[in-house]
Amino acid sequence: MRVHVLQLAYGDDEPVAERVRRAEALVAAQSGADLVVLPELWAPTGFGYRRWPGAAEPLDGPTVTAIARAARHIGAYVHAGSIIEAAAPHADRGPDGRGLWNTSVLIARDGTPLVSYRKVHRFGFAAGEPDLIEAGTELVTVPLRAGGHTVTAGLATCYDLRFPELFRGLTQAGAGLFVVPAAWPAARVEHWRLLGRARAVENQAVVVQCNTAGTHAGTRMGGHSQVVSATGEVLAEAGDDETVLVADVDLAGIGTYREQFPVLADRRL
Ligand SMILES: NC(=O)CCC(=O)C(=O)O
């Protein structure tokens, strides 16, 4: 499976509609990819909390629609990163009644949204996500096919990376590959690199991490997107700037490795 990780950089000045157009064009240029991945909240911005309520949109809103168009153009699965999802009229608004979630969307090769995942662990302690949005409650997995092989992908977002039980839950649900979009700051980028490898090693799973670059809302983003194999090897790693990272992932190798070194069989549940 050829994976293209789009580590986008942005600041405070770029209008959101402009960034959506830029990202659509970038995705549309990734022909040859099986899976393209964008970062967390790249349109409304990861740390520009005050913009979120105004930038909220439904799952069939302008951001996902633009990226779905590009997915259809290149015939690849596209993980559209995440948006601030606004509840549909008359739908459940969550336990705090806010009707907003940090939701990632995975789009099929024909441009149809396949699954969406509402971030379970909200980052910001008393401010930011816990103050503004609802927490997701569901684990999400989806089968992806490439090169005659199928892998079950498990979805997680940014701060989720710090919670190994979520990844173990995804593994229990059959995941062999995790996709993790993020807006992870430079101040803790070593955690991001280390935790990605840890989640790969402990679950014998491929980890595709797509971070943000640039500085916005006074926060410098960490970059260093990476693709880690099921054995824990870093297959490709970005630097600090906007980058398209390309990695070839051996899907058949995930099962082979789990058979050769059957650590997961020793789980005590
Ligand atoms: N957007 C996020 O979830 C940021 C997470 C973070 O900064 C951290 O875990 O550290």
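1. The expected span of a helix is taken here as 1.5 Å times one less than its number of residues. The model under discussion is predicted. For helix α1, residues 16-28, this rule gives 18 Å for its 13 residues, and the end C-alpha atoms are 18 Å apart, so the two values agree.

2. Within α1, the buried residues are Ala-23, Glu-24 and Val-27. Viewed down the axis of α1, the buried residues fall within an arc of 105 degrees, and they therefore line one face of the helix. An α-helix has 3.6 residues a turn, so residues three or four places apart point the same way. Glu-18, Arg-21 and Ala-25, on the other side of α1, are exposed.

3. Which elements do the buried residues of α1 pack against? They are β1 (2-7), β2 (35-37), α3 (62-74) and β3 (77-86).

4. Helix α3 can be examined in the same manner. Its 13 residues should span 18 Å at 1.5 Å a residue; the end C-alpha atoms of α3 are 19 Å apart, which agrees. The buried residues of α3 are Thr-63, Val-64, Ala-66, Ile-67, Ala-68, Ala-70, Ala-71 and Ile-74. The cover over these buried residues includes α1, β3, β4 (100-107) and β5 (113-118). After α3 comes Gly-75, with a positive phi near 65 degrees.

5. Thr-45 has a positive phi of about 80 degrees although it is not a glycine, and is found in the loop between β2 and α2 (52-55). Is Thr-45 buried or exposed? A residue counts as buried if 20 or more other C-beta atoms lie within 10 Å of its own; Thr-45 has 26 and is therefore buried.

6. His-224 also is not a glycine, and its phi is positive, about 55 degrees. This residue is located in the loop between β11 (219-220) and β12 (226-228). His-224 is buried, because 23 other C-beta atoms lie within 10 Å.

7. The residues around the ligand are Glu-40, Gly-46, Phe-123, Cys-158, Tyr-159, Arg-162, Ala-183, Trp-184, Pro-185, Arg-188 and His-191. By class, this shell has six nonpolar, two polar and three charged residues.

8. An unreviewed UniProt entry lists residues 1-251 under "domain: CN hydrolase". In the model, the end C-alpha atoms of residues 1-251 lie 7 Å apart. This span is 24% helix and 29% strand.

Conventions
Residues numbered from 1 in each chain as written. Predicted model: local features only at pLDDT ≥ 70, side-chain atom pairs only at ≥ 80, totals over all residues. Near = placed C-beta within 6 Å. Nonpolar A, V, L, I, M, F, W, Y, C, P; charged D, E, K, R; others polar. Helix = DSSP H or I, 4+ residues; strand = E, 2+ residues; numbered from the N terminus. Buried ≥ 20, exposed ≤ 12 C-beta atoms within 10 Å, placed from the backbone. Arc of directions from axis to C-beta. Contact = placed C-beta atoms within 7 Å. UniProt positions renumbered as here; feature names shortened; annotations may be inferred.
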